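Student: I have a structure to go through. Can we test each label against its rule?

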Amino acid sequence: MASVKIYTTPICPYCVRAKALLKKKGASFEDIDVFMDSDARKEMDAKSHGARTVPQIFIGEIHVGGYDELHDLDQAGKLDALLAG
């Protein structure tokens with residue numbers, strides 16, 4: 001299974017939805033809280049090429065984007081293959 005990183009904040013409903021979808025798919029993930037961690041926020045900004053909203057989701061080396069993009073991948077039937085690596 002591909003490694004998954006998700007940059008989140010505790011007050012973000014889309015973060016909750018993204019993590020729920022990943023759990024439903026059986027994917028383990030590293031949850032990185034950027035709410036009070038400026039270094040993690042800078043890392044997220046750099047990896048996502050300036051995207052400042054959360055969640056920011058990475059599967060392997062692929063920047064998926066946010067919850068909407070993750071959901072769209074699932075609806076298109078492409079998320080399982082991406083998670084499988």
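Student: Why is Asp45 called buried?
Tutor: This is a predicted model, so every value is computed from it. Asp45 has a relative accessible area of 16%. Buried means under 20%. The value falls under the cut-off, so Asp45 counts as buried.

Student: What makes Arg52 and Asp45 a salt bridge?
Tutor: Their closest N and O atoms are 2.6 Å apart. The rule asks for a side-chain nitrogen of Lys or Arg within 4 Å of a carboxyl oxygen of Asp or Glu. Arg52 and Asp45 meet that rule, so the pair is called a salt bridge.

Student: Is Arg52 buried or exposed?
Tutor: Arg52 is exposed, at 54% relative accessibility. The cut-off for exposed is over 50%.

Student: How many salt bridges does the structure hold?
Tutor: It holds 4. One of them joins the side chains of Lys19 and Asp31, at 2.9 Å from N to O. This pair links distant parts of the chain. Lys19 sits in helix α1, residues 13–24, and Asp31 in strand β2, 12 residues apart.

Student: Which labels do Lys19 and Asp31 get for accessibility?
Tutor: Lys19 has 18%, so it is buried. Asp31 has 36%, which makes it partly exposed. Partly exposed is the range between the cut-offs for buried and exposed.

Student: What do the side chains of Asp74 and Lys25 form?
Tutor: They meet in a salt bridge, 2.8 Å from N to O. Asp74 lies in helix α3, residues 67–75, and Lys25 in the loop between α1 and β2. The pair therefore ties together parts that are 49 residues apart in sequence.

Student: How do you know which of these two is buried?
Tutor: Asp74 has a relative accessible area of 17%, so it is buried. Lys25 has 25%, so it counts as partly exposed.

Student: Which residues are linked with Lys25 in a network?
Tutor: Asp74 and Asp80 are linked with Lys25 in a network of salt bridges.

Student: Which residues form the negative surface patch?
Tutor: Glu30, Asp33, Asp37, Asp39 and Glu43 form it. Strand β2 (30–33) and helix α2 (38–47) each give two or more residues to the patch.

Student: Which residues make the nonpolar surface patch?
Tutor: Ile11, Phe35 and Met36 make it, over about 400 Å². Met36 lies in the loop between β2 and α2. At 74%, Met36 is over the 50% cut-off, so it is exposed.

Student: What makes the overall size agree with a compact globule?
Tutor: With 85 residues, a compact globule would have a radius of gyration near 12 Å. The chain has 12 Å, so the two agree. The C-alpha trace spans about 35 × 25 × 20 Å along its principal axes. Of the 85 residues, 40% count as buried.

Student: How many helices and strands does the chain have?
Tutor: There are 4 helices and 4 strands. From the N terminus on, they run β-α-β-α-β-β-α-α.

Note on methods. Residues numbered from 1 in each chain as written. Predicted model: local features only at pLDDT ≥ 70, side-chain atom pairs only at ≥ 80, totals over all residues. Heavy atoms only, no water. Patch = residues over 30% accessible without salt bridge, like charges linked within 9 Å, V, L, I, M, F, W, Y side chains within 5 Å. Areas by Shrake-Rupley, 256 points an atom, 1.4 Å probe, with all protein chains shown as cover. Lys, Arg positive; Asp, Glu negative; His and termini not counted. Charge placed at Lys NZ, Arg CZ, Asp CG, Glu CD. Buried < 20%, exposed > 50% of the residue type's maximum accessible area, 1.4 Å probe, protein only. Rg over C-alpha atoms; globule rule 2.2 N^0.38 Å.
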